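Here's a quick briefing to read alongside the sequence and the fold.

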Amino acid sequence: MRQQLAELQARNQADSLLTDDSLAISLCDYFDSHGSPNEQMLAHYLLARTYTDMGEAPQALDEFHRAAECADTTSSDCDYSQLSRAYGQMAELLYKHQLPRNAIRAFQQAYHFSSLANETNIAPCYYAQQGKCYYDLSLPDSALIITEKAVQMLMACGDTVSANTFKGPLAYCLIEKGDYSKAKKYLDSYEHHSDITEELLKENDDLKLLYIYKGFYYQHIENCDSALYYYYLASHTSSNPNNQALAYRGLHQTYELLHKQDSVGKYAALYVEKNDETVMLASSSALLNMQYLYDYQSFQTLANQKSLEAAQTKQRLIALFFTLLLIIVISCSLIVYLRNRQRLTRQRLFTKYTADMLSYISVKKELKMLQSQSVINEHRVLQAREELEHFRQSIIDVNKKYSDIDNWGMADAMQKVSIVEHLKKKGTKGLVATEQELQDLRRLFKIYQPGFVESIQSTGYALSIKDFNICILIKLNFAPSEVCALLKISSSALSNQRS
């Protein structure tokens, strides 16, 4: 199949007429399943060229689009040269069917991909072809600027022959602008230094536009004899209806300058007749094709717009997703930071609370020892009382501010002390606590919860040791059955004590 693809490409490059689409279709079917993107593009391009030679413009345009879509422009081995030719042929087809605006976009793509292929002598030609499209859109200034720039690019790369080939249409625009001297130089370069030869001039009707250009030039400098000569030459040697219409229009205008009314009327009628024939031929052969091509391009443009809108919507959704993700990450980070800060605050609070309790106990012992001495140091006793009151007040303040000890972890700390864990096990088993164990528990509780002890003692009730033990055990979340077992009391006695 690759051999057949190469042979069909060789026939296309030899400018052979391709009139059988069966081979090209089979090549497309095969390479669509088994070929590389470049092979798929070439197969569809050749099918498009076949349809072009067969006069099937809609199918040709469709295949040129398929060929362009097959190209993988992200790949390093993409055949940009072939891709530029697909767009170039597409542009010519659109221009031929009087869709210059669509042709401009295709020529721009052809120029872009030809430039990527480093075809310095071909890319400017695609660029220059936009000029005729702008001229047909009644934008002669744009046509002039673009074509002149293309000529400069071709001259810069040393291709003077191609550069001079585009000077013919440029001369026509310059004549319309009244720049006759520059137009004459361009006409001479076009006639004598381009790829035009006497032989080609006889065979190619398109090249006979040279006669129209020269007639147009001489008409505007009022050299009517020369103008008439070239217009007559064009009308008699060209079979192209468009060229004949231009020649008759030129003859009509030139005879107007000469005030020959009979000839003016004659060639005006011939111009109208030939122009109507041109329009009628175009209408009868391509009306349906033009409509199809126009609709196709319109829908293609609409599809591209929808695709762009979908891509923009997707980008907005992605941006929104990442924005929400960023907000969530920041929120989680803030929560973690606040929790860590709260944990550190609790740790600092616990450290200070414990230090205050230890200081309170130490000062209290010192005060008791001072008061038992035979010689009392009044100054130190006063100082010790002040310190004792300071620590006591500090502990009470903490208890009032953080009445729920779970807020700063004291409950967990007390539950993990060995004496509490030991009594938990004994209470679960229904064993009685020894007096020493209860004494150790009271001492521990005074260290960890002196504010609670102070608040109980400040109620004014005279609490017994048993009552105090019950309060401590309940505060430490011991179950009623555990309290009864440890203190060896009945559940009814416990209820009475609690009430």
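Asp15 counts as exposed, at 64% relative accessibility (exposed is over 50% relative accessible area, buried under 20% and partly exposed in between, using a 1.4 Å probe and protein chains only). Keep in mind that this is a predicted model, where local features need pLDDT of at least 70, side-chain atom pairs count only at pLDDT 80 or more, and totals for chains, interfaces and linings use all residues. Residues are numbered from 1 along each chain as its sequence is written, and side-chain values use heavy atoms, with hydrogens and water left out.

**Positive phi**

- Most residues other than glycine have a negative phi.
- Asp15 is not a glycine, yet its phi is positive, about 65°.
- Asp15 lies in the loop between α1 (2–13) and α2 (22–34); helices here are DSSP runs (H or I, at least four residues), numbered from the N terminus.
- Asn477, also not a glycine, has a positive phi of about 65°, and sits in the loop between α22 (465–475) and α23 (480–487).
- Asn477 is exposed, with a relative accessible area of 56%.

**α2 against α3**

- The axes of α2 and α3 (residues 37–53) come within 9 Å and cross at roughly 160°; axes are lines fitted to C-alpha atoms over the stretch in contact, with angles running from 0 to 180 degrees between N-to-C directions.
- That makes α2 and α3 roughly antiparallel (angles over 145 degrees).
- On the α2 side, the contact (heavy atoms within 4.5 Å) includes Ala24, Leu27 and Phe31, and on the α3 side it includes Ala43, His44 and Leu47.

How values were computed. Helix = DSSP H or I, 4+ residues; strand = E, 2+ residues; numbered from the N terminus. Parallel < 35°, antiparallel > 145°, perpendicular 65-115°, else oblique.
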